[in-house]
Amino acid sequence: MQDLVLSGVKPTSIPHLGNYIGALKYWVELQHTYRCAFMIADLHAITVPQNPAELRARTIDTAAMYFAVGILPERCFVFVQSEVPQHAELGWILGTIAKMGEMERMTQFKDKSAKEGRERSGIGLFTYPALMAADILMYDTTAVPVGEDQLQHLELTRTLAQRFNTHFGPTFNVPEALIQKHGARIMSLAHPDRKMSKSDVAKNGTIFLDDDTDTIRHKISRAVTDSGSTITFDPIERPALANLMTIYHHMTGKTMPEIEQLFAGKGFGDFKKELAEVTINHLGPIRHRLLEFRKDPSELMTLLNKGRDQAQKLAEQKMTLVRDRVGLGRA
Ligand code: AMP
Ligand code: TRP
């Protein structure tokens with residue numbers, strides 16, 4: 001079987017630098033080694049309330065961003081989750097073999113349901129991992145690049161695949177997690193103790209991939225730094241600077257010793273100015289392509305139609321087998 005990598009993000013905001021370094025940039029590398037499928041997880045997005053018009057806009061934007069960062073349509077199929085209804089169907093079926101206890105142990109559910117209170121949380125938030133398992137198992141995915149926060153869901157996916165195979169006969173491949181070797185958690189520029197996130201209340205904490213040059217310069221110039229004055233990498237003692245240096249590393253490919261050497265004898269001011277420039281240089285072409293897709297979405301629509309057709313074809317093949325195994329419908 002040829003290796004297939006599958007991953008996706010929820011279209012709940014414009015992707016930011018954390019998404020890029022932690023996920024999208026890694027996907028772009030993977031496509032040279034694996035056959036790839038990348039999904040816009042809109043069914044997962046609605047597990048918390050969404051404004052319908054905004055959800056649509058973000059779905060298109062997220063797809064545009066996949067291609068803007070360099071996902072190649074000739075190597076990958078990119079599709080919108082809800083346009084392949086087999087996902088919801090398989091999610092339901094996997095939900096019937098998942099156990100309440102397993103689902104209740106999911107830390108993402110615990111965290112997210114704590115906000116509204118358990119009694120008032122949607123059922124979709126609870127069954128979220130069964131749908132994610134469906135996304136993955138549908139295509140005989142062999143490897144799934146995910147951040148740490150999703151590892152528990154992937155472990156459950158493996159459990160469900162094995163359980164299904166044991167009950168109903170060999171049907172699903174049991175996938176592996178793919179962890180980025182030099183993976184990085186990018187922290188907020190304003191609160192270096194928190195993850196960079198779309199929902200950061202600090203306006204300057206998050207760099208969005210469609211931020212213009214002035215905005216990027218402004219946010220980086222405002223970034224919190226630690227005490228001391230030398231540019232040295234010390235994530236424990238000087239986490240704010242280490243975060244900025246990590247961003248520098250990802251924007252340029254330079255190693256930490258190289259960066260330290262480059263800024264020997266220079267201060268935070270010089271470093272931040274340079275960091276802004278390399279970030280602008282790296283993100284500039286991405287933003288440019290994104291704006292082009294927004295201006296004329298016709299090419300994007302063609303790519304998404306192609307991705308949807310390819311995904312539907314594979315998904316229907318798998319579901320024909322699944323329905324047969326489970327005994328659903330007429331022969
Ligand atoms: P989200 O939809 O924001 O939860 O994130 C989608 C993907 O981006 C996940 O796979 C995360 O691992 C990754 N990601 C999100 N925020 C960050 C961050 N601050 N640093 C690194 N990776 C991130
Ligand atoms: N749950 C993932 C997240 O929040 C998104 C996702 C949905 C996903 N389905 C997937 C990731 C399948 C990998 C594979 O980031």
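This is a predicted model: local features need pLDDT of at least 70, side-chain atom pairs count only at pLDDT 80 or more; totals for chains, interfaces and linings use all residues.
I started at ligand 1, where H1 gives the most to the shell, with four residues. Helices here are DSSP runs of H or I with at least four residues, strands are runs of E with at least two, and the numbering goes from the N terminus.

Residues are numbered from 1 along each chain as its sequence is written, chains are lettered from A and ligands numbered from 1 in the order in which they are written, and side-chain values use heavy atoms, with hydrogens and water left out.

**Ligand 1**

I listed the neighbours, taking a residue as near if one of its heavy atoms lies within 4 Å. Ligand 1 has 14 residues around it, and Gly-18, Asn-19, Ala-184, Ile-186 and Met-196 come nearest. By class I got five nonpolar, five polar and four charged. The classes put Ala, Val, Leu, Ile, Met, Phe, Trp, Tyr, Cys and Pro under nonpolar, Asp, Glu, Lys and Arg under charged, and the others, Gly among them, under polar.

Next I went through the N and O distances. Asn-19 has a polar side-chain atom 3.1 Å from an oxygen atom of ligand 1. Ile-186 uses its backbone: an N or O atom there lies 2.7 Å from a nitrogen atom of ligand 1. For Lys-198, a side-chain N or O atom is 3.5 Å from an oxygen atom of ligand 1. The protein covers 86% of the 480 Å² of accessible area that ligand 1 has on its own (Shrake-Rupley, 1.4 Å probe; for residues, only the protein chains shown count as cover).

**Ligand 2**

Which residues are closest here? I found Lys-10, His-44, Tyr-128, Asp-135 and Gln-150, out of 14 that surround ligand 2.

On the nitrogen side, I see side-chain N or O atoms of Tyr-128 and Asp-135, each at 2.7 Å from a nitrogen atom of the ligand. An oxygen atom of ligand 2 is 2.8 Å from a side-chain N or O atom of Lys-10. Of the 360 Å² of accessible area that ligand 2 has on its own, the protein covers 93%.

**Gln-81**

I then checked Gln-81, in the loop between S3 and helix H4 (86-95). Is Gln-81 buried or exposed? It counts as buried because its relative accessibility is 0% (buried is under 20%, exposed over 50%, partly exposed in between; 1.4 Å probe, protein chains only). Its side chain makes polar contacts with the side chains of His-44 at 3.3 Å and Asp-135 at 3.0 Å. A polar contact is a pair of N or O atoms within 3.5 Å; within protein, one must be able to donate a hydrogen and the other to accept it, and residues adjacent in sequence count only if both atoms are side-chain atoms.

**Strands**

Last, I traced the strands, where a pair needs at least two DSSP bridges. S1 (residues 4-9) runs parallel to S2, joined by six bridges, with Ser-7 opposite Phe-38. S2 also pairs with S3 (residues 76-80), parallel over five bridges, and there Met-39 partners Phe-79. Five of the six residues in S2 (35-40) are buried.
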